[in-house]
Structure formats: structure tokens, C-alpha cells
Amino acid sequence: MSEYGATVAWHLKPDTPFDYESFNRDHEWTLSGGEVVQASASPDFFGCGNKVNPDEAVVAATSSCHMLTFLAIAAKRGIKVLSYIDRPSGKVEKNSEGRVAITSITLRPKVVFDDADLDGPALQKLHDSAHRNCFVANSLKTPVSIEPA
């Protein structure tokens with residue numbers, strides 16, 4: 001199988017305080033292929049709103065994995081997909097144990113096919129198969145729901 005790694009780096013800027021309300025949450029993710037992602041905490045947790053945060057990264061990774069799995073299944077079945085656009089969302093709140101967590105993720109994929117005329121149940125079956133085989137969703141204990149557009 002595969003193994004993945006990254007470097008996540010944060011440094012305290014010289015002459016800046018280190019207390020909960022004011023320490024800088026900005027940091028970098030360097031992925032194994034060399035891509036550098038500017039990251040921060042969510043603005044709800046004193047982070048910078050124009051950088052990726054771990055919460056939205058989990059939501060985006062779940063959507064991306066579902067999409068790639070869906071496309072692979074469609075290709076294997078000879079169903080030509082012209083476009084796939086998702087606008088996923090995730091909810092961060094206290095879970096049943098009283099801990100802050102991503103408690104749900106909702107995917108809202110809109111798929112355009114070439115000449116396939118898939119009715120609602122057939123499309124749902126493709127999404128169900130993609131969900132069962134998406135290794136990111138399989139790694140989460142958060143429920144993921146799919147609401148095809």
C-alpha cells in the first residue's frame with residue numbers, strides 16, 4: 001500500500017507574546033511532492049481567514065476522495081463524466097462526548113454526464129459505491145452524507 005507524509009512547521013516570531021488569545025496560528029504544510037500550503041487555524045479559533053485551516057482541509061479531502069472514487073467507478077463502467085463540481089460543508093461543534101469535532105460532512109456533487117441518462121436511483125447507487133470505497137471517508141468517524149445536485 002502507500003504511505004504519506006508531510007512537514008508541518010510553525011515558529012514563534014521574535015519579540016511576540018505567546019498567550020492563547022494572541023499567538024500567531026499561521027504555519028506551513030510542506031507535502032511530500034514539495035507543494036507548500038499556507039495554513040492557519042480557523043478564524044473561530046484566532047486564525048487567519050485567507051489561509052487553509054485543518055477543518056476545511058478535512059472537508060475538502062473528503063470531497064476530493066469521493067470525487068476521484070466516483071470518477072474511477074464511472075470510468076470502469078463506461079459512463080463518461082464531463083464535469084463534477086462539489087460544494088461540500090462540514091460542521092464543527094461539540095460531539096456527543098462534549099469535545100469539539102467535525103460532527104458532519106455534507107457533499108453536494110453536481111455531475112454532468114456525456115450521454116448517460118442516469119435516473120436518481122442509478123446516480124445514488126454510483127455515489128453510494130464511491131462513498132463505500134473512499135478511503136478518506138472510511139477513515140473518519142464523522143458521518144458523511146451525499147446530496148447529489
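Which residue forms a salt bridge with D114? The partner is K80, and the closest N and O atoms of the pair are 3.9 Å apart. A salt bridge here is a side-chain nitrogen of Lys or Arg within 4 Å of a carboxyl oxygen of Asp or Glu. K80 sits in the loop between α1 and β4 (81-85), while D114 sits in the loop between β7 (110-113) and α2 (120-133), so this pair ties together parts that are 34 residues apart in sequence.

Before we walk on, a word about the model. This is a predicted model, in which local features need pLDDT of at least 70 and side-chain atom pairs count only at pLDDT 80 or more, while totals for chains, interfaces and linings use all residues. Residues are numbered from 1 along each chain as its sequence is written, and side-chain values use heavy atoms, with hydrogens and water left out.

Now step back to the overall layout. The protein is divided into domain 1 (6-45) and domain 2 (54-146), with bounds that come from an automatic or database domain assignment. Taken over C-alpha atoms, the centres of the two domains are separated by 28 Å.

How many residues of domain 1 are in contact with domain 2? There are 4, and they meet 4 residues of domain 2; contact means heavy atoms within 4.5 Å. Together the two domains bury about 280 Å² between them, with 77% of it on carbon and sulfur atoms. Buried area is the accessible area (1.4 Å probe) that two parts lose on being put together, summed over both. On the domain 1 side, W29, S42 and F45 supply 79% of the area buried against domain 2, more than any other three residues.

What about charges and polar pairs at this boundary? Between domain 1 and domain 2 there are 0 salt bridges. The residues on the side of domain 1 that touches domain 2 divide into 2 nonpolar, 2 polar and no charged. In this grouping, Ala, Val, Leu, Ile, Met, Phe, Trp, Tyr, Cys and Pro count as nonpolar, Asp, Glu, Lys and Arg as charged, and the others, Gly among them, as polar.

Let us return to the salt bridges. The whole structure has 4 of them, and one joins the side chains of D26 and K51 (3.0 Å, N to O). This pair links distant parts of the chain, with D26 in the loop between β1 and β2 and K51 in the loop between β3 and α1, 25 residues apart. D26 is partly exposed, at 23% relative accessible area. For such labels, buried means under 20% relative accessible area, exposed over 50%, and partly exposed in between (1.4 Å probe, protein chains only). By that scale D114, at 41%, is partly exposed.

Another salt bridge brings E147 and R108 together (3.8 Å, N to O). E147 lies in the segment after β8 (144-146) and R108 in the loop between β6 and β7, so the pair ties together parts 39 residues apart in sequence. E147 is partly exposed at 44%, and R108 is partly exposed at 33%.

Leaving aside neighbours within four places in sequence, T106 is in contact with P88, S89, S145 and E147. The side chains of T106 and S145 are joined by a polar contact of 3.4 Å. Is T106 buried or exposed? T106 counts as buried because its relative accessibility is 12%.

Next, look at T62 in helix α1 (residues 54-76). T62 is buried, with a relative accessible area of 1%. Beyond neighbours within four places in sequence, the contacts of T62 include I105, L107 and C134.

Finally, visit two loop residues. D15 lies between β1 (6-9) and β2 (27-31), and has a positive phi of about 60° although D15 is not a glycine. D15 is exposed, with a relative accessible area of 83%. F46, in the loop between β3 (36-39) and α1, has a positive phi near 70°.

Key:
A polar contact is a pair of N or O atoms within 3.5 Å; within protein, one must be able to donate a hydrogen and the other to accept it, and residues adjacent in sequence count only if both atoms are side-chain atoms. Helices (H or I, at least four residues) and strands (E, at least two) are DSSP runs, numbered from the N terminus.
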